[in-house]
Structures are given as C-alpha cells and as structure tokens.
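I opened the notebook to record what I looked up in this chain. My entries follow the order in which I checked things.

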Amino acid sequence: MNSSISKTKLSTPLLSAPSSSSSNGSSTSSETGDSPATSKRFELQDVKYNFHSISISGSHSYRSLAVLSGHVGSVSCLALCGEFILSASQGKDIIVWQQPDLRLFTKFGQGDGSVKALVTVGNKVFTAHQDSRIRVWKVSRSSENVFKLVDTLPTTKDYLGKFMKQSNYVQTRRHHKRLWIEHADSISCLTVYNGLIYSGSWDKTLKVWRVSDLKCLESIKAHDDAINGLIASKGIVYSASADGKIKAWGKEGKTSHALKGILEGHKDVSFNSVIVSEDGKWVYGGGSDGFVMGWEGIGDFESWKLVSETKAHQMAVLCMCLMGDFLCSGSADKSIIIWKREAYGKLCKFGVITGHEGPVKCLQASPNRIGGGFLLYSGSLDKSLRVWWVPRRSGNTEASTTPSTEKQSILLC
C-alpha cells in the first residue's frame with residue numbers, strides 16, 4: 001500500500017508566516033515587518049511526499065519523514081515560520097531548517113544561558129533565555145541566511161529612562177532590587193498577540209512588551225510560583241504555573257491587563273503547558289501528574305466548567321499543541337499521544353507515537369494538510385528534532401518510523 005501527496009506548493013518568504021500564538025516556547029506570528037523578498041531558491045514547486053507502508057500481520061507500518069540532529073544541547077522549543085522550522089536548544093544554538101527537504105538552512109545563537117522559548121514576528125525572531133533576557137534577531141538585508149542580533153530586552157533606552165527613579169525598582173529577593181522592566185529569573189515562555197509580546201518567567205511575573213519599539217509596558221505579579229506556559233487567543237492571555245493554576249488576563253485600557261478568571265488544577269500539581277482552541281471555547285492544561293485537564297466556556301469565566309480530566313501519560317505532561325480537533329501531548333515518559341476532541345470537550349485517545357530517547361519537551365503541528373493528515377514536529381532532551389506524519393483517520397495501525405533496529409512507532413488506536 002502506498003500513500004502519495006503530490007503537487008504541494010510552498011512559496012512563503014522567509015519569516016513571514018500566518019499567525020498562530022503558542023505556549024511552551026513555540027510560536028509564529030503574522031506581525032508585519034520588512035520581510036525580505038522571496039528568492040527563487042525558496043520557490044518550492046511540485047513537491048511530492050511519498051509515505052510507503054509495509055503490511056505486518058494485518059496492520060500497516062509507515063516510515064516517519066525525518067530525524068533531524070545538529071543541536072549541541074536538548075531541544076527546548078520550536079516555531080514554524082512559513083517554509084521554515086526554527087528549533088532552539090539548551091546549548092544556546094538556534095537552527096533554521098528548510099522544508100520540504102528538511103535541510104539545515106542556517107544556524108545562529110548567542111548569549112549566556114540556554115534558549116527557553118522563541119517566537120517570530122515579521123522578519124524578526126525573539127528568543128527568551130535562562131539568563132532572564134530576551135534577544136531580538138533580524139534577517140540580514142544582505143543575506144537571507146544570516147541572522148543578526150539587533151537588540152536585547154529590556155533595551156538600553158528603556159534602562160536609561162527608568163534607572164534614576166527609585167520608584168522603578170522592585171524587591172526581587174532579600175537585599176536585592178531590580179527595575180520592574182527586568183525579569184529576575186529564567187524566562188520560560190513567550191507568546192505574541194496583537195502587536196504585543198508576553199513573557200512568562202520563573203520569577204512568577206508576566207511582562208508585556210510592545211513589538212514596534214520593544215518597550216516594556218507592564219509587569220504583572222501573576223502567580224505564586226514559576227510560570228511555565230503562555231498562550232493568547234480572542235483577546236485573552238492564559239498563563240500556566242507551577243502553582244497549579246491557569247490564569248486568564250484581558251486588557252483594560254490601552255496597556256494594562258487585569259485578571260479575568262482562574263482555572264484550578266489538582267492540588268499540589270504543576271501546570272507545565274496550556275493551549276486554547278481557535279474559537280477560544282476550550283482550554284486545556286497539562287500537569288506534572290500526567291493529566292490533561294480541559295475547560296469549556298465563553299465570555300464570563302465564572303461560567304467556565306471542567307469538562308475533561310484525562311490521565312494522558314505515566315509521567316509529567318511537558319508540552320501540548322492543537323491541530324483542529326486533534327490535541328497532541330508530549331511527556332517526560334518520552335511518548336507523544338494524539339487525542340481527538342469529542343463532544344463536550346472530552347478527549348479520546350487516537351494514537352501513540354514513540355521513538356524519542358528522552359523526554360519530549362516541545363511540539364508543533366503544521367497547519368498544512370498533507371495526504372489526509374498533518375505534520376507534527378517534536379523536540380526532545382535527546383537533542384533531536386523529529387518529524388511525524390499523523391493521519392486524520394484512525395485505524396488499527398502500528399507505524400515503524402525508522403529501520404527496524406530502533407524502537408520508534410506510531411500506534412493508531
């Protein structure tokens with residue numbers, strides 16, 4: 001049995017992609033910028049994917065597309081940007097991979113501390129680091145495969161405008177003060193929405209930055225413990241924390257944000273990830289106890305209700321992503337599970353993906369439909385980025401993803 005995908009045309013300029021805000025350090029954005037013109041070498045025409053299968057005792061085995069290696073550290077975050085995939089690691093390096101051949105296009109990175117999250121805005125890349133700084137990279141006008149460091153947040157201009165006033169300093173720990181525009185610990189997550197970048201940190205604060213001038217507009221004491229995930233949708237920003245809460249924040253006035261609601265998880269359990277459906281009706285949180293919890297509601301958060309409690313993994317859920325009615329969860333148990341959202345927000349197990357040799361730290365699904373399925377990218381502490389094809393129709397299918405010497409499979413329930 002052969003399954004073919006033919007004539008898929010991709011011709012998106014570098015770092016100019018459809019919008020999709022995301023948590024756990026993975027995101028793309030449609031913020032406009034001075035994107036370089038499309039080069040002829042990026043015109044990907046008549047691309048043909050072929051998925052070969054081998055019948056094994058009545059089931060079918062599908063090979064994965066690729067296992068990409070090149071990072072010096074654990075892969076910590078991913079972002080899709082047009083025809084490119086960006087992956088970053090705890091080794092401070094960021095790799096740009098080009099589709100469809102998934103070749104290494106370019107590599108960049110700098111600074112103290114590993115890369116914890118990244119987002120793209122127009123022709124800029126924003127990276128969040130363990131050293132509590134956000135770095136801004138821009139595609140060079142002279143060469144499309146060169147990324148130059150153009151700024152660091154907070155900017156020097158922001159510092160100079162605030163450091164003289166004592167009222168701009170806040171207590172971060174005993175006998176230590178910082179400007180309120182500075183994060184005091186690792187920045188764990190970023191998301192972009194409506195011209196603003198939101199950063200969440202282990203220092204328990206949520207900061208708001210304006211994309212146009214890189215100015216820090218607001219700092220919110222958001223949680224009682226580290227913030228692990230951010231996502232924005234329909235004018236609401238959701239923050240997931242180790243304090244076991246997902247909080248919803250909405251704008252009040254031009255710049256300030258106010259707490260709109262709190263979604264509570266299991267007692268003494270950390271939320272590591274949060275995702276929200278495209279229509280804003282469903283919110284899911286991934287916990288350190290292996291559960292994925294889901295809430296349903298529209299508008300007033302007092303009317304939101306818990307509709308799903310699913311024991312998804314044997315170990316902590318570290319990351320999640322959504323693709324239509326499909327929810328993908330990655331775990332410290334090294335597996336990825338595909339779930340189908342059923343009526344009333346309930347989750348039904350659709351498939352299991354195994355193959356990573358370390359915990360799965362980040363996931364990103366491609367919005368492009370390919371052969372009745374979609375592409376799923378996963379990054380792991382095993383230093384690899386893997387590309388999977390997930391069919392949208394279930395079947396009793398076991399999928400071997402590399403030569404049979406390795407234990408890697410997709411099991412469709």
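The entries below go from the whole chain to single residues.

**Entry 1: the chain.** I am working with a predicted model. I began with secondary structure and found one helix and 35 strands. Next I checked burial: of the 413 residues, 57% count as buried. The accessible surface comes to about 17,600 Å², and carbon and sulfur atoms hold 47% of that. I also looked up contacts with a separation of 6 or more. Residues 24 or more positions apart account for 48% of them.

**Entry 2: Lys247.** I found Lys247 in strand β21, which spans residues 245-252. Does a buried Lys247 have a salt bridge, or no salt bridge; what is the nearest side chain of opposite charge? Lys247 has none, and the nearest such side chain, Asp243, is 5.0 Å away. The Lys247 side chain reaches the backbone oxygen of Ala222 at 2.8 Å. Leaving out residues up to four places away in sequence, I listed what Lys247 touches: Ala222, His223, Val237, Tyr238, Ser239, Leu259, Gly261 and Ile262.

**Entry 3: salt bridges.** I counted ten salt bridges.

Asp93 pairs with Lys107, with the closest N and O atoms 3.8 Å apart. Asp93 sits in the loop between β6 (84-89) and β7 (94-98), while Lys107 is in strand β8 (residues 103-108), 14 residues apart. Asp93 is buried at 7% relative accessibility. Lys107 is partly exposed at 40%.

Glu296 and Lys281 meet at 3.6 Å, N to O. Glu296 belongs to strand β25 (residues 291-296) and Lys281 to the loop between β23 (271-276) and β24 (282-287), so this bridge ties together parts 15 residues apart in sequence. I noted Glu296 as buried, at 15% relative accessibility. Lys281 is partly exposed, at 26%.

Asp101 bridges to Arg103, and their closest N and O atoms are 3.6 Å apart. Here I found Asp101 partly exposed, with a relative accessible area of 48%. Arg103 is partly exposed too, at 37%.

**Entry 4: a surface patch.** Which residues form a nonpolar patch on the surface? I found Leu160, Phe163 and Met164, with about 350 Å² of accessible area together. I placed Met164 in the loop between α1 (156-162) and β13 (169-173). Met164 is exposed, with a relative accessible area of 65%.

Key:
Residues numbered from 1 in each chain as written. Predicted model: local features only at pLDDT ≥ 70, side-chain atom pairs only at ≥ 80, totals over all residues. Heavy atoms only, no water. Helix = DSSP H or I, 4+ residues; strand = E, 2+ residues; numbered from the N terminus. Buried < 20%, exposed > 50% of the residue type's maximum accessible area, 1.4 Å probe, protein only. Lys, Arg positive; Asp, Glu negative; His and termini not counted. Salt bridge = Lys/Arg side-chain N within 4 Å of Asp/Glu carboxyl O. Polar contact = N/O pair within 3.5 Å; in protein donor to acceptor, adjacent residues only side chain to side chain. Contact = heavy atoms within 4.5 Å. Patch = residues over 30% accessible without salt bridge, like charges linked within 9 Å, V, L, I, M, F, W, Y side chains within 5 Å. Areas by Shrake-Rupley, 256 points an atom, 1.4 Å probe, with all protein chains shown as cover.
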